[in-house]
Amino acid sequence: MNFSIDFKGINELLFSAYDSGRNFLYEYEVYSLLKHSGAETPPQCTFIPRGDRPSDEVLNAIPGDKAVLKIVSPTIIHKTEVGGVKIVEKESNKIRSTVRRMLYEVPENYAAWIERSEKNRESSPPEYKDLTGEALIAAISRDLKGVLQVQFMPPDSSSFGNELIVGVRRTREFGTILSAGLGGTDTELYAQRFRKGQAIVAGSTEMNDGHSFFQMFKKTISYLKLAGLTRGQRRIVTDEQLIECFDSFISLANYYSPTNPHAPFILEELEINPFAFIDYLMVPLDGMCRFSLQSNNTNSRPIYKIDNLLHPESIGIIGVSSTRRNFGRIILDNILTEGFDPDKVVVVGSSGELTFEVNSEIVKVDSDKLGSQTKVIHKIKSVPDIKSLTDKLDLFIVAVAAKQVPDIIDDIIYLDAAQSVMLISGGMGETDDSKERARQVVEKIYLSHKIETVFDTKLNTEKRDENNREKRESPSGGPVFLGANCMGVISRPGGYDTWFIPEEKLPKERISNLKDRTSYFHRAALISQSGAFMLHRTHQFPQLRPAYMISMGNQTDLTLGDMVHYFKNSDNVDVIAIYAEGFNDLDGLELCKAIHHAVLSGKEVIFYKAGRTPEGKAATSGHTASLAGDYMVCENCVRQAGAIVARNFTEFQELFSLAENLNKKIIKGNRLAAVSSAGFEAVGMADSIQSDDFTMELARFEDKTKIRIKEILDNKKLNAFVTIANPLDINPAADDEAHAQITAALAEDANVDAIVLSIAPLSPSIKTLDNRQFPIYDMNAEDSILHRVINLVAQTEKPIIAVVDGGVLYEPLRSSLMDNGISVFTVCDRAIAAISLYIQGRLAADAIRGGHGI
């Protein structure tokens with residue numbers, strides 16, 4: 001930075017406003033703040049308080065032939081629309097008469113604007129909403145503080161794009177966000193009408209400096225106009241000025257941040273709209289600032305105990321019925337069926353030894369079929385209540401009615417009964433009626449992370465007497481809690497399954513041997529705020545097979561950020577997939593930091609955020625009691641952290657599949673080769689290589705590759721029907737061998753980074769049927785396209801994906817390819833979109849690892 005920030009001066013400015021009962025700065029105070037922050041050219045200005053009569057000397061002290069007069073009011077944000085900005089000749093009496101006129105006309109204009117429509121009234125300050133007529137005008141007038149006289153500094157150009165908005169604002173989920181783009185009175189319209197990322201860009205101040213934010217800003221229309229890169233434009237600001245400006249805003253935001261307990265205030269919002277440009281000077285023409293007192297209310301969860309949650313040596317469960325298959329009983333059945341040691345399980349709420357009969361179904365890794373199903377009798381230890389437990393549990397599962405949960409949590413915490421707790425129970429904040437119960441639970445858990453309470457069992461334990469408990473500082477921080485309102489966890493490495501879906505409804509692949517289990521399931525974790533989302537995605541796409549599936553629920557304690565922090569250095573996971581609906585306070589920022597560290601550790605992260613629209617946001621709030629944030633901010637921050645962002649459910653599972661299958665493949669660039677024997681697919685793939693979210697290139701084949709393809713076509717007598725181009729339409733007469741040989745040639749081409757092979761299953765020339773009665777079409781034959789592609793993919797370091805565009809008759813072909821680690825799509829445009837997003841994400845992650853990222 002080539003500037004210094006006078007934080008002492010800014011603190012004095014903020015304290016002065018705070019001591020006068022304000023949480024905001026007036027415009028002239030904002031200019032003072034900018035001066036303290038190192039800005040070059042804040043305009044000269046004079047505040048004329050209401051009722052004051054400044055001298056001619058004061059009115060003429062500001063240089064220039066004209067003066068800008070602006071109304072000063074804490075309630076009027078958009079001054080221009082209500083006549084609150086006037087440009088007049090700099091003559092003393094002219095200024096005085098205009099000031100007097102504004103003090104009367106502005107309240108009338110603003111009142112008329114408020115009463116013009118219900119929408120305007122709803123957006124007006126709360127103190128005005130119930131007022132009309134003269135009462136409304138009088139209230140607005142009382143709030144006028146005076147008029148600001150500002151130096152008139154005409155910009156070099158008034159054409160479109162020559163004004164810049166720069167601002168920081170505090171968000172609940174992601175901390176402070178910096179945004180910049182097309183400025184002026186139509187900023188909001190530009191943001192709505194232009195394509196994503198063209199009018200405005202935004203990013204976390206904690207994850208950026210001026211240089212990295214500038215790289216994002218360079219992609220906007222605003223930069224193209226300011227840098228003179230469009231027809232008829234000339235440059236009006238240097239790149240260095242923009243970087244310095246962004247650096248200054250970021251430094252201010254990170255100092256006055258909720259994550260900096262040493263700052264006296266939090267900067268809620270600071271916006272300059274617009275910056276104008278005068279002879280290579282950045283001149284702020286309007287500004288606003290809001291702030292609040294600092295509050296340090298962090299919650300240090302002992303997230304290392306997530307290991308106890310995911311790999312427990314002992315499990316307790318409360319809520320199991322011995323007479324019917326309630327949720328608790330189904331969970332117990334699934335724990336035992338997955339192969340968890342019954343001697344390490346205890347049921348709370350009964351006495352003596354319980355007998356349970358469960359299905360035992362084992363998958364043989366070297367077999368295509370499920371093993372035989374047998375009935376197994378398990379005898380499970382039980383105790384009447386939590387205080388009867390003899391040993392501290394790694395995991396305690398709560399599957400009881402919601403009204404019982406607060407007391408159970410009390411007992412678990414006070415008795416130090418478990419390292420981790422899984423709250424299956426719903427009714428914990430999803431509805432208005434349950435919000436108070438959820439608040440109580442959150443408070444109990446929050447306190448448990450600060451103090452450890454020891455229950456004196458020698459005293460009268462029948463009474464819930466607070467005097468019987470001794471409180472002391474806890475080095476362990478109490479148990480961690482997953483949920484509430486969650487489906488729990490399937491942990492293949494941990495050897496247990498707590499989903500409450502009966503085996504009859506959702507048959508699962510059960511592997512008893514840990515070594516076989518480790519090799520069969522992918523080194524991936526699926527972390528989902530919605531259990532149902534995870535359930536449906538994996539049921540529809542069984543080839544995903546992540547080693548961990550974790551339902552987060554309401555994030556009463558453990559959050560998405562906590563879970564990714566745990567997995568960022570995990571030796572069991574290469575891919576992390578996240579479905580989010582909302583974030584706890586600052587957990588969006590924590591999630592991004594965790595994603596960034598995971599990417600630096602060599603992991604791939606796939607992300608999907610629900611609740612993008614106002615309607616979707618409302619729906620997520622009703623579902624898992626989440627608080628959905630602004631989607632653009634979320635997407636920008638998560639993508640910059642290094643995640644690959646999916647745009648819909650289907651794309652999420654496709655990207656997850658690609659990451660599972662391709663994370664060990666080498667990707668050097670975005671040059672794609674596409675092969676098909678159907679002409680429409682070749683055209684469709686060429687049409688699909690660009691969108692608002694990605695840009696791919698069609699590879700230019702090396703000459704030796706073209707010669708090799710020509711030889712293959714000659715041998716197959718196809719040369720007369722095929723033009724060697726990219727995409728390559730190899731004709732329906734191409735057989736299995738031709739498909740494989742041409743794909744192999746492309747895989748060896750140095751100009752090709754990835755290959756999409758579309759197999760037209762209805763072609764009479766290739767073996768695509770799972771039917772040995774027709775040997776010429778039998779995909780199980782050794783020389784079929786199936787076996788050739790499997791062998792080719794195993795031998796090449798480049799990513800190869802397949803398209804099989806056909807009906808249910810060809811589902812066995814698709815399934816066999818996917819079972820062998822090949823990502824398969826049913827339509828070519830989806831394949832191109834998915835592999836493009838994946839490659840772009842991989843290249844961005846490589847840039848981060850190479851030191852060019854955050």
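Mentor: Happy to! The largest nonpolar core has 153 residues, and those touching the most other members are M422, I550, M563, F567, I595 and L817. Helix α27, spanning residues 828-852, gives the most to this core, with eleven residues. Do keep in mind that this is a predicted model.

Let's stay with I550 for a moment. Setting aside neighbours within four places in sequence, I550 is in contact with L310, L482, G488, V489, L526, I527, S528, M534, M563 and F567. Apart from this core lies another one, of 51 residues, including V30, V72, V201 and F249.

Now for the strands. Strand β24 covers residues 546-551 and pairs with β21, residues 489-491, in the antiparallel sense over three bridges. Along that pairing, S491 stands opposite Y548 of β24. Both strands belong to an open sheet of seven with mixed pairing, ordered β22-β21-β24-β23-β25-β26-β27. At its edges stand β22 (496-497) and β27 (644-645); each has a single partner strand, so one side of each is left without a neighbour in the sheet.

In α22, residues 679-687, the buried residues include E681, A682, G684 and M685. Viewed down the axis of α22, its buried residues fall within an arc of 165°, so they line one face of the helix.

Technical notes:
Residues numbered from 1 in each chain as written. Predicted model: local features only at pLDDT ≥ 70, side-chain atom pairs only at ≥ 80, totals over all residues. Heavy atoms only, no water. Pairing = 2+ DSSP bridges. Helix = DSSP H or I, 4+ residues; strand = E, 2+ residues; numbered from the N terminus. Buried < 20%, exposed > 50% of the residue type's maximum accessible area, 1.4 Å probe, protein only. Arc of directions from axis to C-beta. Core = buried A, V, L, I, M, F, W, Y, C linked by side-chain atoms within 4.5 Å. Contact = heavy atoms within 4.5 Å.
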